[in-house]
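Take a look at the sequence and the fold before reading on.

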Amino acid sequence: MSTARRSFTCLQCRLRVLPRSPRRSFHSSLNLLAEASRPSVAPKVSIDVKHIRQNAALHEQNCLERNYKSQAQYPARINSLFEQWHVYQHETRALRERNNRLKLQLANPTTLRDEGSEEVKRIKQMSKQEIIDEAKILKDQISKIEEKETAITTEITALAAAIPNLTSSETPRGNDPTVVGYINEHPELDPAASDRVWRSHVHIGSELNLLDFAGAATTSGWGWYYLLNEAAQLEQALVQYALSVARKRGWGMVSPPSMVYSHIAAACGFQPRDQNGEQQIYNIQQNASDVGRKPELSLAGTAEIPLAGMKANTLLEEADLPMKRVGVSRSYRAEAGARGVDTKGLYRVHEFTKVEMFAWTAPSTESSAAIFNEMVSIQTEIFTNLNLHCRIIEMPSTDLGASATRKRDIEAFFPSRRPKDDGWGEVSSVSTCTDYQTRRLATRVDIRTLGGKIAFPYTVNGTALAVPRVIAAILENGWNEARGEVDIPEVLWPWMEGQQVIKKKNC
């Protein structure tokens with residue numbers, strides 16, 4: 001591209017694509033999208049920087065409401081950099097125009113028109129060598145300023161990419177969720193007056209030979225586990241049941257990979273560390289010869305990541321939306337939390353099986369809301385039939401990840417967690433992310449009804465079933481102290497070879 005053409009390129013157009021290999025971030029708190037190297041295979045990122053510039057106060061307040069304190073400074077920084085970029089543009093415009101006249105005079109002296117311009121008259125009086133010498137000086141000056149402009153656009157894009165999605169009006173501000181409904185009755189009509197003996201799933205799993213934490217600690221460390229006998233069967237039964245519910249609703253089944261490029265995970269809003277600095281994602285160590293030559297790899301924390309990446313660099317057709325997929329995968333979380341009663345056993349682990357729903361919708365709040373509600377309906381059906389007492393809560397702004405504009409959780413009652421959160425523990429969630437992920441994954445849609453307009457579809461993701469926590473909830477809620485057995489939910493019997501209870505084994 002010539003310097004003449006470059007001078008008329010607006011900053012928004014130049015920011016539309018994140019540079020392939022940006023310099024290291026100016027701010028250490030920028031997320032992985034800015035910190036990780038951007039290989040040539042990475043999708044082209046398209047952030048709406050103009051919206052951030054024109055609504056800086058809105059984005060700053062949004063960051064503060066989400067407790068993204070560092071990112072709250074980015075909108076103002078972006079506007080400051082934008083003004084600086086304009087100064088550079090103004091400074092170089094005269095240099096570029098003069099450089100172009102020099103080149104024109106050097107190429108064909110008769111082409112350059114005088115038109116009363118003193119500058120042109122002086123150029124016509126210059127010797128060929130004088131023109132060459134000045135052109136070299138101008139080229140060097142322009143090149144140095146362009147380097148500064150590139151550094152500015154790179155920093156602006158990295159800052160914009162690190163700013164979280166705008167929060168939905170449906171989301172409560174602050175730290176407290178809003179209870180919007182319940183699933184099933186509490187297992188005891190009057191919990192305060194009940195003399196029922198509750199057991200933790202750790203105790204039950206040991207008593208019935210279903211769980212082995214000690215062997216896993218020796219093999220892999222704390223936060224890992226073995227599922228034994230009926231617990232292993234329960235895992236497969238729960239997966240098949242959740243899939244059957246989603247497939248009956250028209251969700252196409254996918255078996256996704258568990259390893260993804262780190263830049264794909266970052267584009268989905270998953271950072272290598274959380275806001276407290278705790279490691280979230282397992283990164284795959286590369287051979288020394290591959291560093292900088294091959295893209296970095298990570299273990300997926302959820303099937304949401306490979307499902308979203310499945311349509312990266314893809315142009316979807318409007319007629320194919322909503323596109324609904326349900327996938328089963330192993331999920332990996334580096335953080336396991338502080339070991340204690342609230343995370344003991346299967347509640348917080350490093351690896352687990354998860355059934356995940358993911359959908360691309362038309363780029364509208366109405367379309368994404370319809371899929372959001374459908375996911376909640378599927379989750380409600382699953383937990384209703386598993387006989388688990390749950391509550392549905394609208395999560396507050398401080399609990400939202402970078403990509404989500406809105407999030408609902410389903411929490412089940414865990415007797416072992418009664419000292420904490422009154423027994424509630426998350427077993428499922430659903431989030432809508434508007435175009436946050438598709439802009440970073442270059443997933444577009446051809447809107448034929450608007451004359452072929454290219455837009456970014458919205459994405460919605462939801463956990464159909466996270467296996468270990470649900471197994472823990474079934475063991476604790478299904479425990480019968482008198483019989484020393486666990487009642488298996490009837491809906492799982494077909495996948496348990498008709499077995500209705502889990503009894504103590506002699507071996």
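Is Trp-424 buried or exposed? Trp-424 is buried, because its relative accessible area is 11% and the cut-off for buried is under 20%.

## The model as a whole

This is a predicted model. The protein chain has 507 residues, and 50% of them are buried. It holds 16 helices and 18 strands.

The accessible surface of the protein chain comes to about 23800 Å². Carbon and sulfur atoms account for 48% of that surface. Consider the contacts with a separation of 6 or more: 73% of them involve residues 24 or more positions apart.

## Aromatic pairs

There are 7 aromatic pairs in the count. One of them joins Tyr-182 and Trp-424, with ring centres 6.3 Å apart. Their planes meet at 45°, so the pair is tilted. Tyr-182 sits in strand 1 and Trp-424 in strand 12 (residues 424–432). Tyr-182 is exposed, at 53% relative accessible area, whereas Trp-424 is buried.

The rings of Tyr-241 and Trp-495 also pair, with centres 6.3 Å apart. Here the planes are at 55°, so this pair is tilted too. Tyr-241 belongs to helix 11, and Trp-495 lies in the loop between strand 17 and strand 18. The two are 254 residues apart. Tyr-241 is buried, at 4% relative accessibility. Trp-495 is partly exposed, with a relative accessible area of 34%.

## Helix 11

Helix 11 covers residues 229–248, 20 residues in total. How far apart are its end C-alpha atoms? They are 29 Å apart. At 1.5 Å a residue, the helix should span 28 Å, so the two values agree. Just after helix 11, Gly-250 takes a positive phi of about 90°.

Strand 10 (residues 390–394) is mostly covered: 5 of its 5 residues are buried. Cys-390, Ile-392 and Glu-394 point one way. Arg-391 and Ile-393 point the other way. In a regular strand, side chains alternate between the two faces of the sheet.

Strand 10 has antiparallel links to strand 1 (residues 178–183), through 5 bridges. Thr-178 has Glu-394 of strand 10 as its bridge partner. Another 5 bridges join strand 10 to strand 11 (residues 406–413), again antiparallel. There, Ile-393 stands opposite Asp-409 in strand 11.

Strand 16 is joined to strand 17 (residues 485–487) by 2 bridges. Asn-480 stands opposite Glu-485 in strand 17.

## Positions from the UniProt record

An unreviewed UniProt entry lists residues under "binding site", among them Arg-333, Ala-334, His-350, Glu-351, Glu-426 and Ser-429. Where does Ala-334 lie? Ala-334 is in the loop between strand 8 (323–332) and strand 9 (351–361). His-350 is found in the loop between strand 8 and strand 9 as well.

Ala-334 is buried, with a relative accessible area of 16%. His-350 counts as buried at 9% relative accessibility.

Terms used. Residues are numbered from 1 along each chain as its sequence is written. This is a predicted model: local features need pLDDT of at least 70, side-chain atom pairs count only at pLDDT 80 or more; totals for chains, interfaces and linings use all residues. Side-chain values use heavy atoms; hydrogens and water are left out. Helices (H or I, at least four residues) and strands (E, at least two) are DSSP runs, numbered from the N terminus. Buried means under 20% relative accessible area, exposed over 50%, partly exposed in between (1.4 Å probe, protein chains only). Contact means heavy atoms within 4.5 Å. Accessible areas come from the Shrake-Rupley method with a 1.4 Å probe; for residues, only the protein chains shown count as cover. Two strands pair if DSSP finds at least two bridges between them. UniProt positions are given in the numbering used here, feature names are shortened, and annotations may be inferred rather than shown by experiment. The expected span of a helix is 1.5 Å times one less than its number of residues. Rings of Phe, Tyr and Trp (its six-membered ring) pair if their centres lie within 6.5 Å; planes under 30 degrees apart count as stacked, over 60 as edge-to-face and the rest as tilted.
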